[in-house]
Amino acid sequence: MPELLPIKSIKDISTDENLFPGTPACAGCGGLLTLRHCLKVLGEKTIIVNAAGCFTLLSIYPFTPFKNSWLYTAMACAPAGAQGVRDALDILIRKGRLSPEEDLKVVVLTGDGAAYDIGLSSTSGALHRNLDFYYICSDNEAYGNTGFQWSGATPFASKTGTTPAGRINQTGAELSKKNLFEIWRSHNPPYIATTSPAHPVDLVNKFKKAEQYKGPKLFINLSPCPPGWSTDPSHSVRFAKLAVDTGIWALKEAIYGDVKHTVVPGKFKPVEEYLKEQGRFAHLFKPVRQEEIFKKIQEMVDQYWNEVQSRESIKK
Amino acid sequence: MKQLLTGNEAAAEAAIQAGCRYYYGYPITPQNELINYMSVRMPEVGGAFIQAESEIAAISMVHGSAAAGGRTMTSSSSPGISLKQEGISYLAGSELPCVIVNIQRGGPGLGDISASQADYFQAVKGGGHGDYHTIVLAPCSVQEMADLVYDAFDLADKYRIPVMILGDAQIGQLMEPLEFNKKQINNLPSKSWSLTGAEGRKRNIIKSFYPVKGELEVFNAHLQRKYKIIEEHEVRYEAINIHEADIILVAYGTSARICKEVVKKSQRFKFRVGMVRPITLWPFPKEIIRKISERVQCILTVEMSTGQMVEDVKLAVEGRCPVHFYGRTGGGVPTSLEIIRKIVEIVPDNRAANTLLQLAEVK
């Protein structure tokens, strides 16, 4: 395998645009920003297989912002749809009706509802069969397109449409976020990574690295969601950055199961800094500060990084 | 006291008042108000609210809680109801009472999120695999949504059968004043069949699996006998001006609201339009339609589909009079003007109908 040359700065990112402006996505959509970054690396020769989620809104032909092709499947089955597309491309290449240079990258694009919940078995099947595809999960930590209901990706203590914080339950979501990274990793695919719209250089390098491998290449992107998180749309990147700086969103990759953290903050900020400006956590601050919950969240983050430190011997 | 609520919220509140303590949902537009409402109200009444990981999981949670004898409900919209079909078939096969709310949206496939009535076939003909029916109730207002949800739970328990509320995006998201007035039903059978622990009694078995040759046929015959009883006793419809009418409109849900407007407008012109609004889509009110067909000029069925209920109307009419159809799809809602135009198209020589059309067009 030839030595990969990672890019160093944002200036090295391609100026090609494969995602045009003027989409029906919400202002300040973190997922859309990342999708733009992803498509810069993936290039024009991609076919996107999408299942119900916010990005459904991008497929309203002819008002689609894509240069590439698009297939829409039932919500539970985007990776299965990708299997069909991959098979069709392979057959065309084998029959000589498509040259290998004209081959397309098959990219599954879903939200966290499909990735963490209803589409998990379909993903598992594709991983087990070692399907050659990309999976981009735009994780805004709830079902955004239906009005921000709880999903398996919703973090502990977040308020959503179906985990309201009120008289009976002051916490919001009582369950912790599912560990999709580890669920995927247990299938031992060649490449898994987490990404952030605040770290495009890290993201581009990860996609470049992934490109070398045949098989499943999976990405989970923390996508700040202004309407759902109740945040200022102009601050989405700042929240994405805060998530990394507080250690809540760990930027990492796993090559054939071997985990490495790619961006480790020199000094971790307290989680409260990330939580305090988001409407979905406002109930933790008013009418009374719920110290126990802050403590619990901070402990979860600390425990995670302590384990990482002992495993990867990185300096915290 | 009147309250102003959406149809979705009215369904949720009525379910709570009807004693539903187990609700399992999954987000899908246009029924999100229902699941959101339940997430607030269920904990208040000490019930179980779970947002499941899929529609199949949600209907199977309903299966479990129904087997334990609870009043249980799930809700979704068209694509989600498609996913639930296997579970609904199991519930029907296990003779378990439950309520399923379908707030229909456009299809097929992803379709759109606006009002539609294109799930009629799926709802009334069984939907899933096997010979079965669910009772299907079709509300046409927010008030009726609440009233029918009460009745749905009672009917489900009375006959040990899944009951579907077939609404649409319009009924689900429309806000109207309503009054919750639950009637007291006393003579419902006790759920002695439910799985509550067999201490001090013989064990109960709930299943839909009859692998021994001959058993399934016996069971199917039993189901059919039950369905026949329901067909004899539970048909409901609203009839307006059916005596004297020359032409009868048949419509349910949102379409029926518009047809009512046509009937009202026609009265001033001595143009005799009547209407039958099926409230139970299964069992279908075929008897009244058969009777009407013997004396009217024709019947016009209006739906937000390409023509589904019209087939049941034709089966009831059995060729006694012409049956016409007017339908819109893809978020299109029939207007009273369109319906009047269609009527004039059917009876071009009727002077009153033409006058009605002229006036409607001027407006």
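In the predicted model, chain A contains an open sheet of eight strands, arranged in the order β2-β1-β3-β4-β6-β5-β7-β8 with mixed pairing. The edge positions are taken by β2 (69-72) and β8 (258-263) of chain A, each of which has a single partner strand, so one side of each is left without a neighbour in the sheet. Averaged over the sheet and with direction ignored, neighbouring strands are turned by 20° against each other.

In chain B, a helix pair was examined, formed by helix α1 (residues 7-17) and helix α2 (residues 32-44), the axes of which come within 8 Å and cross at roughly 35°. The crossing in which α1(B) passes α2(B) is right-handed. On the α1(B) side, the contact is made by N8(B), E9(B), A11(B), A12(B), E13(B), A15(B) and I16(B), while α2(B) contributes E33(B), L34(B), Y37(B), M38(B), R41(B) and M42(B). Classified by residue type, the contact of α1(B) with α2(B) comprises eight nonpolar, one polar and four charged residues.

Technical notes
Residues are numbered from 1 along each chain as its sequence is written. Chains are lettered from A and ligands numbered from 1 in the order in which they are written. This is a predicted model: local features need pLDDT of at least 70, side-chain atom pairs count only at pLDDT 80 or more; totals for chains, interfaces and linings use all residues. Side-chain values use heavy atoms; hydrogens and water are left out. Axes are lines fitted to C-alpha atoms, for helices over the stretch in contact, and angles run from 0 to 180 degrees between N-to-C directions. Helices (H or I, at least four residues) and strands (E, at least two) are DSSP runs, numbered from the N terminus. A crossing is left-handed if the near helix is turned anticlockwise from the far one by less than a right angle, and right-handed if clockwise. Contact means heavy atoms within 4.5 Å. Ala, Val, Leu, Ile, Met, Phe, Trp, Tyr, Cys and Pro count as nonpolar, Asp, Glu, Lys and Arg as charged, and the others, Gly among them, as polar. Two strands pair if DSSP finds at least two bridges between them.
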